[in-house]
Amino acid sequence: MEKVIHPERNTDFVTGAYSDGIVVGGFLFVSGQAAVDFKTSQFVLGTIEEETQRTLDNIKSIVEAAGATMANVVKCTVHLADIAEFDRYNAVYATYFPGIKPARTTVQSVLAENIKVEIDCIVKLP
């Protein structure tokens, strides 16, 4: 296994007992990401659109650090604090995947730190 970290991660930012991403068997497995500013180690709360964009930007940074692009994402699992915000979240999400969309599961969940969205994904490395 090879560990992949967010390229802007503050060295003092400890997020728990998991890695940003792990490469194994030609795949990158990205842990659940949220609206975090990795430079300041702080959650950045906002609208569902703002949090979705920051979350997907974080995922994109991790994916690119592993040598892939968002076009290589094959599966996402999404947790929304309020499923009623699905359409607004989905409009932002769709802009990150203009070609073939990854397989996806979206559920409503109780999320920590008052975040509105958390997304993990699996990426087939080129």
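Which handedness does the β-α-β unit made by β6, helix α2 and β7 have? The unit formed by β6, helix α2 (residues 86-95) and β7 is right-handed, a term meaning that, with the strands pointing away from the viewer, the path from the first strand over the helix to the second runs clockwise. Helices (H or I, at least four residues) and strands (E, at least two) are DSSP runs, numbered from the N terminus. The model is predicted: local features need pLDDT of at least 70, side-chain atom pairs count only at pLDDT 80 or more, and totals for chains, interfaces and linings use all residues. Residues are numbered from 1 along each chain as its sequence is written, and side-chain values use heavy atoms, with hydrogens and water left out.

**Strand pairing**
- Strands β6 (residues 73-80) and β8 (residues 117-124) pair antiparallel over seven bridges; pairing requires that DSSP finds at least two bridges between two strands.
- Cys76 has Cys121 in β8 as its bridge partner.
- β6 and β7 (residues 103-108) run parallel and are joined by six bridges.
- Opposite Leu80 stands Gln108 in β7.

**Thr55**
- Thr55 lies in helix α1 (residues 48-65).
- Its relative accessible area is 0%, so Thr55 is buried (under 20% relative accessible area; exposed is over 50%, partly exposed in between; 1.4 Å probe, protein chains only).
- Leaving aside residues up to four places away in sequence, Thr55 touches Gln33, Ala34, Ala35, Val117 and Ile119, where contact means heavy atoms within 4.5 Å.

**Loop between β7 and β8**
- Glu113 is in this loop, and its phi is positive, near 60 degrees.
- Asn114 is also in the loop between β7 and β8, with a positive phi near 65 degrees.
- Most residues other than glycine have a negative phi.
- Asn114 counts as exposed because its relative accessibility is 63%.
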